[in-house]
Amino acid sequence: MIEKAIVGSRRYYGGLAALLALIGVGFLCYLWQLREGLGITGMSRDVSWGLYIAQFTFFVGVAASAVMVVLPYYLHNYKLFGKITILGEFLAVPAVLMCMLFIVVDMGQPMRVMNVILHPTPNSMMFWDMVSLSGYLLLNIVIGWITLDCERKGIAPPRWVKPLIYLSIPWAVSIHTVTAFLYAGLPGRHLWLTAILAARFLASAFCAGPSLLILLCLIVRKWTRFDPGKEAIQTLAKIVTYTMLLNVFFLLLEVFTGFYSQIPGHMHSFTYLFAGLKEHGHFYGGLIPWMWSSAALAVVAIALLLNPATRRNERTLVVAALAVFASTWIDKGMGLVVGGFIPNMFDTVTEYTPTLLEVGITLMVWGIGATVLTVLYKIAVSVKEEVAA
Amino acid sequence: MAVNRRDFLRISGLGTLLGLGSMATQELLPPGKALAQQYLPDGKALKAKRWAMVVDARKCLEKVEQDGCRDCVLACNRVHNIPALPDPKHEVKWIWQERYENTFAGQNHEYAEDALRGKPFLVLCNHCDKPPCVRVCPTQATFKRDDGIVMMDFHRCIGCRYCMAACPYGSRSFNFVDPRKHLDSAATDPKFPTRMKGVVEKCNFCAERLAEGLMPACVEVCKEKALIFGDLEDPGSEVRKVLRSRYSIRRKPELGTHPEIFYVV
Amino acid sequence: MYDKGKIFAGLVIFLCVFTSPIWYNVVTGKAAYKPDPKLPVREKQCVAPKETMIASHMTLLDTWRDKVVREGDREYVAWDGKVHSISLSEGCMKCHSDKAAFCDQCHNYVNVSPYCWDCHVEPKEKK
């Protein structure tokens, strides 16, 4: 089926070329970082995780969302999703790949990455994160590829694929739970030390992922002869509606706990994010515009999604999906990860702004993800077109 | 011999795996016979069941008020080749001074006595009994020794900085840049390695000095003897004597990390 | 055979490029030297026999660094019963004090750059 990836339209080649150029530029930035060290980023002794880990955290969520189409179809026979399970799985693959790449570019000594495997440490959540991400990547590649190949040949998939598919459902939940556990078990970081963090992660994953899937389905319908199905997209929209509501609700629960109890540790990070902190006459509020944009986008998204008319209308649905994606990207990425480090363990503030090189390296990883996504989708769509013919 | 493509790929794949696997297995075989396997701890080494330190803040503050004393900080920086970095974001510090309100963030109030308000307190790695940094390290590059010291293995650190997120005390520093660029090569102490960019570091209770029978550099250099270092499990040690007779506090006790740096205020 | 000329030309170019490391070193004379590490004058016996050290010093140092840092064992009882203090800068390099004349000789020849000296301080040469 790989031959489907090397033959395509002008638009396909053009898109891949642009992405490869982006990757090339980003790779030069990464070489610079390898030479000079992570000092070229905006990270500091106080904010020791930044854009890279923020992206990692967000895209783990996008990856988990494949389960949102797999579960209804395989466990509950929801036939409408039959056409798009492959799109969900082939979205999970580049998303997980991006997660792993973001970890690698964030490491101070990436050549030593094998140490995590050579010296397994079961008490470390990061070890289990590696295990669960690698496993999920393998599962989705194998399941996606085999089912697609069998569909092309017009035969039923082999019997051993079914247990793998069933396994991928709790596994998807686990990759996100483990990633939340990375944060939720750390004493001292009060923005993260909350039981609801894993639930928040899952809720935002299950709205961010399917909203991206909606956008991708609409693009696929526009640019190819494969139609994922209007009703399937509508069901995804309903899923996004309720998970986005849950996501916002969970955030508000956190805000209540902090501000009703008035416990400083529970309030300070939120105060910094949404209102800024004043310290020794200096005002720190760098993330305020971002957080309120995220809030506004969430309101717009929910308004458009709750209203059946705007949800059914695919133009407004695009706006809603983009708004959900952007809102969760800000909230889970910059908001959660950077916010957790501010104020620091001495109750002072060191702000964080990514540098251009850092953004360049991030765009490299985005480019790699987009390239893998494009190639996999091309294969899937070409096979579907071939079968339909 | 007509081999079809699928079988050919299978055979060559298995053959490659076998070849690579046997190469890798060779690495796992024990080293040659003439390399003896006997290792001993240094006879001069100072031993303890649980190393701890008491900071006598009163003595320390008196001296600091007189002449801005930073002898312990300078000694540690010298002995461990700690770079002087111009950008505060990339600071590397193992022991340093923080204001009273920041050292005990969350534990103090606005009406603190004048003798303490705004004054510089020494902060360093607490070598916790239940260290969250050790719990989260994915490669065991930071680990707890039997004598209580939380050690760093710079060889193994992958620079993921998870330990920095986990430490509730902000004790850890990361080498964002090559430290050698900010070290005076004439002043570099050859006995202790510098570190490379991309690894995390922190106070190690001078484990390398303890191994030679010496006290930690900060303890040794303090003229006021404000830093008391000893075995917490030895009821006759100086640390136990001080803790028995004076009121002491620790940073963030509610977190259950059991820090082993006590402050006598 | 179609395109016989192009194929053979391509094969020749490929073989030249593929074997370039070999003939390049011969042509520029880089392969002509034998690594000549200067042995220390003070001590005659290392922590292990010469042949073992040549073959396995990497394994030894790898074990040593874990023993010192992770287990706190800083003394090594050699095969001849002598006790040595484990240290790169203060042990090995007390005798092999000139990195360029000893360590680099073989390392450069086989194009290996161990990163020991990124951290461990080379002893300064007394000129």
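**Notebook: sheets, an interface and some backbone angles**

I started with a sheet in chain B: an open sheet of 4 strands in the order 9-2-11-10, with mixed pairing. I noted that two strands pair if DSSP finds at least two bridges between them. Helices (H or I, at least four residues) and strands (E, at least two) are DSSP runs, numbered from the N terminus. Strand 9 (227-231) and strand 10 (248-249) of chain B each have a single partner strand and stand at the edges, so one side of each is left without a neighbour in the sheet.

Before going on, I wrote down that this is a predicted model, in which local features need pLDDT of at least 70 and side-chain atom pairs count only at pLDDT 80 or more, while totals for chains, interfaces and linings use all residues. Residues are numbered from 1 along each chain as its sequence is written, chains are lettered from A and ligands numbered from 1 in the order in which they are written, and side-chain values use heavy atoms, with hydrogens and water left out.

I looked up how strand 2 (residues 51-56) of chain B is joined to strand 9 of chain B: the two run antiparallel, with 5 bridges. Which residue of strand 9 is the bridge partner of Val55(B)? I found Leu227(B).

Helix 2 (residues 57-67) of chain B packs on the sheet and touches strand 2 and strand 11 (261-264) of chain B. Contact here means heavy atoms within 4.5 Å. The direction of helix 2 makes about 50° with that of strand 2 of chain B. Axes are lines fitted to C-alpha atoms, for helices over the stretch in contact, and angles run from 0 to 180 degrees between N-to-C directions.

Helix 9 (residues 238-245) of chain B also packs on this sheet, touching strand 2, strand 9, strand 10 and strand 11 of chain B. I noted about 115° between the direction of helix 9 and that of strand 9 of chain B.

**Entry: a sheet from chains B and C**

I then looked up an open sheet of 3 strands with antiparallel pairing, in the order 1(B)-1(C)-2(C). Strand 1 (38-40) of chain B and strand 2 (83-85) of chain C stand at its edges, each with a single partner strand, so one side of each is left without a neighbour in the sheet. Neighbouring strands are turned by 30° against each other on average, direction ignored.

Within chain C, 3 bridges join strand 1 (residues 75-77) to strand 2, and the two run antiparallel. Glu75(C) has Ser85(C) in strand 2 of chain C as its bridge partner. Helix 3 (residues 50-71) of chain C packs on the sheet, touching strand 1 of chain B together with strand 1 of chain C.

**Entry: where chain B meets chain A**

I found 49 residues of chain B in contact with 43 residues of chain A. The area buried between the two chains is about 3,600 Å², and carbon and sulfur atoms give 53% of this. Buried area is the accessible area (1.4 Å probe) that two parts lose on being put together, summed over both.

How many salt bridges are counted between chain B and chain A? The count is 2. A salt bridge is a side-chain nitrogen of Lys or Arg within 4 Å of a carboxyl oxygen of Asp or Glu. I looked up the pair Glu36(A) and Lys181(B), whose side chains meet at 3.7 Å, N to O.

**Entry: backbone angles**

I noted that the peptide bond from Ile342(A) to Pro343(A) is cis, with omega near -5°. Pro343(A) is in the loop between helix 14 (314-340) and helix 15 (356-388) of chain A.

Lys252(B) has phi near 45°, a positive value in a residue other than glycine. I placed Lys252(B) in the loop between strand 10 and strand 11 of chain B.
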